[in-house]
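Please keep the sequence and the model open while reading.

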Amino acid sequence: MNNYNKVKEFLLFFAIQLVLYVLLVINYRAVSRIDYNGTIFTDFTIASFNFFVVRKIAKSDDSFHQWAGYAIGGAVGGGLGLYLSKLLFGC
């Protein structure tokens with residue numbers, strides 16, 4: 001696999017995990033507020049993203065750049081999710 005494809009896969013996994021962790025944090029806030037619509041929307045979206053991630057990983061070779069994108073995207077997504085959920089829900 002060439003470097004261009006590795007960077008592309010890194011960015012794909014990073015973006016997917018970033019969105020997933022943003023959604024997870026917002027989901028936690030929606031659940032704590034007993035917000036049915038927010039919880040159902042984020043649960044459905046999280047499950048859909050996870051389905052496609054599992055398929056992508058199952059069809060590819062394990063490698064460091066995929067793991068790095070996945071892990072770093074999750075960390076950045078968690079922080080961004082806290083910031084965005086504070087904007088959406090306050091405190």
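T39 sits in helix α2, which covers residues 36-58; helices (H or I, at least four residues) and strands (E, at least two) are DSSP runs, numbered from the N terminus. The relative accessible area of T39 is 15%, so the residue is buried. Here buried means under 20% relative accessible area, exposed means over 50%, and partly exposed lies in between, with a 1.4 Å probe and protein chains only. Not counting residues up to four places away in sequence, T39 touches N27, A30 and V31, where a contact means heavy atoms within 4.5 Å.

## Basis of the model

The model is predicted: local features need pLDDT of at least 70, side-chain atom pairs count only at pLDDT 80 or more, and totals for chains, interfaces and linings use all residues. Residues are numbered from 1 along each chain as its sequence is written, and side-chain values use heavy atoms, with hydrogens and water left out.

## Overall layout

The chain has three helices and zero strands, and from the N terminus its elements run α-α-α. Taken along the principal axes, the C-alpha atoms fill a box of roughly 45 × 20 × 15 Å. Of the 91 residues in the chain, 33% are buried. Among contacts between residues at least 6 apart in sequence, 78% join residues at least 24 apart.

## Packing of α1 and α3

Helix α1 (residues 3-32) packs with helix α3 (residues 64-89) at an angle of about 35 degrees, and their axes are 6 Å apart. The axes are lines fitted to C-alpha atoms, for helices over the stretch in contact, and angles run from 0 to 180 degrees between N-to-C directions.

Two residues of α1 can be looked at in turn. Q17 belongs to helix α1 and is buried, because its relative accessible area is 4%. Leaving aside neighbours within four places in sequence, Q17 is in contact with Y70, G73 and G74. Y28 is also found in helix α1, but at 54% relative accessibility Y28 counts as exposed. Between the C-alpha atoms of Y28 and N5, which are 23 residues apart in sequence, the distance is 34 Å.

Side chains of opposite charge can pair when their charged atoms come close. The structure holds one salt bridge, defined as a side-chain nitrogen of Lys or Arg within 4 Å of a carboxyl oxygen of Asp or Glu. The partners are K56 and E9, whose closest N and O atoms are 3.9 Å apart. Because K56 lies in helix α2 and E9 in helix α1, the pair ties together parts that are 47 residues apart in sequence. K56 is partly exposed, at a relative accessible area of 31%, whereas E9 is buried at 11%.

Which residues does E9 contact, leaving aside its neighbours within four places in sequence? They are M1, K56, H65 and Q66. With H65, the side chain of E9 makes a side-chain polar contact of 2.8 Å. A polar contact is a pair of N or O atoms within 3.5 Å; within protein, one must be able to donate a hydrogen and the other to accept it, and residues adjacent in sequence count only if both atoms are side-chain atoms. The C-alpha atoms of E9 and W67 are separated by 9.8 Å, although the two residues are 58 residues apart along the chain.

## The loop between α1 and α2

I34 lies in the loop between α1 and α2. The phi angle of I34 is near 55 degrees, a positive value in a residue other than glycine. With a relative accessible area of 61%, I34 is exposed.

D35 is placed in the loop between α1 and α2 and counts as partly exposed, at 27% relative accessibility. Apart from neighbours within four places in sequence, D35 is in contact with A30 and F89. A polar atom of the D35 side chain lies 3.0 Å from the backbone nitrogen of G38.
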